[in-house]
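User: I'm new to this structure and would like to learn how to read it. Could you walk me through some features?

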Amino acid sequence: NPGRAELGSVPDPVARRWRESLGLVPAIGEIFGVEIHAVGDPHSRWLTDRIADAMTFLAIDPIALWRQDWWAAEAEAAAIELVFLGGAWLDEDVLTAALTAAGQGYDVRLMADLAVARNEEDRQLVITRLALHGIETTTLRQTMLEWASNLDGPAMIQRVQELLS
């Protein structure tokens, strides 16, 4: 749910990193062909048209998604096994969605740079709790570099490095 955050109480460095990483979301689809699903308002003030256009917005509560028959059928048809999650609020929606997805058998990764906590003091507690359930934490930047190095070698790595600089 990338548009939910009212970042007034989020520390400036965290909010700045979140906005920068959110700006990279379209590149994931363009470079790697990954589908990006989001919940919430595609017209949020935090989402540029380019970012919103890169996402398919689902009209559903993020926690309820994993129990929907239509989503299970779509995920099975697309052979989805690995899910990357981020958004607001890490200590509420993202935590619950991640635990539910893991409970449904998905391999889940938390995109730390795309996950904003309502209460930043709880951030490390959430990450620790997710780790106890086998949910690894990464960042969009780390993931892009990892994928680039595994898919197309030096040319792709250079392309991604240029994008990230």
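**Burial, strands and rings**

Analyst: Let's start with Phe-84, which is partly exposed at a relative accessible area of 27%. Buried means under 20% relative accessible area, exposed over 50%, and partly exposed in between (1.4 Å probe, protein chains only). Keep in mind that this is a predicted model, where local features need pLDDT of at least 70, side-chain atom pairs count only at pLDDT 80 or more, and totals for chains, interfaces and linings use all residues. Residues are numbered from 1 along each chain as its sequence is written, and side-chain values use heavy atoms, leaving out hydrogens and water.

User: Why is strand β4 described as largely enclosed?

Analyst: Strands (E, at least two residues) and helices (H or I, at least four) are DSSP runs, numbered from the N terminus. Strand β4 covers residues 107-116, and nine of its ten residues are buried, so the rest of the structure largely encloses it.

User: Which strands pair with β4?

Analyst: Two strands pair if DSSP finds at least two bridges between them. Strand β3 (residues 82-88) pairs with β4 in the parallel sense over six bridges, with Leu-82 bridging to Asp-107. Strand β5 (residues 136-138) is also parallel to β4, over three bridges, and there Arg-109 partners Glu-136.

User: And how many aromatic pairs are there?

Analyst: Rings of Phe, Tyr and Trp (its six-membered ring) pair if their centres lie within 6.5 Å; planes under 30 degrees apart are stacked, over 60 edge-to-face, the rest tilted. That rule gives five pairs. In one of them, Phe-32 and Trp-147 have ring centres 5.3 Å apart and planes at 75°, so they sit edge-to-face.
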